[in-house]
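The following exercises ask the reader to work through a structure step by step. Please consult the sequence and the model while reading each solution.

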Amino acid sequence: MSKHNSLKLKGGAEGKRSVMKRFERIKVLKSRGQWQEGRSPIGLPKTKGEG
């Protein structure tokens, strides 16, 4: 059985994600100089992506 045309994604499933994973947030905080080594990765502040 095939999918109905209205359910198919055009152009693939690529899109801009509005949520960053924990390791991505730590990477951004390190680049901004806001990350202290040894700090717990739990409870990170909200972070907007670069770009």
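**Exercise 1.** Does Ser40 count as buried, partly exposed or exposed, and why?

*Solution.* The model is predicted: local features require pLDDT of at least 70 and side-chain atom pairs pLDDT 80 or more, while totals for chains, interfaces and linings use all residues. Residues are numbered from 1 along each chain as its sequence is written, and side-chain values use heavy atoms, leaving out hydrogens and water. Buried means under 20% relative accessible area, exposed over 50%, and partly exposed in between (1.4 Å probe, protein chains only). Ser40 counts as partly exposed because its relative accessibility is 41%. The side chain of Ser40 also reaches the backbone nitrogen of Ile42 at 3.2 Å.

**Exercise 2.** Determine which residues of α1 are buried, and how they are arranged.

*Solution.* Helices are DSSP runs (H or I, at least four residues), numbered from the N terminus. In α1, the buried residues are Ile26, Val28 and Leu29. They line one face of the helix, because seen down its axis they fall within an arc of 160°, taken from the directions from the helix axis to the C-beta atoms. Phe23, Lys27 and Ser31, on the other side of α1, are exposed.

**Exercise 3.** Describe the surroundings of Thr47.

*Solution.* Thr47 lies in the segment after α1. Thr47 counts as buried because its relative accessibility is 15%. Leaving aside residues up to four places away in sequence, Thr47 touches Met20, Arg25, Val28, Leu29 and Arg32, where contact means heavy atoms within 4.5 Å. A polar atom of the Thr47 side chain lies 3.1 Å from the backbone oxygen of Pro45.

How values were computed
Polar contact = N/O pair within 3.5 Å; in protein donor to acceptor, adjacent residues only side chain to side chain. Helix = DSSP H or I, 4+ residues; strand = E, 2+ residues; numbered from the N terminus.
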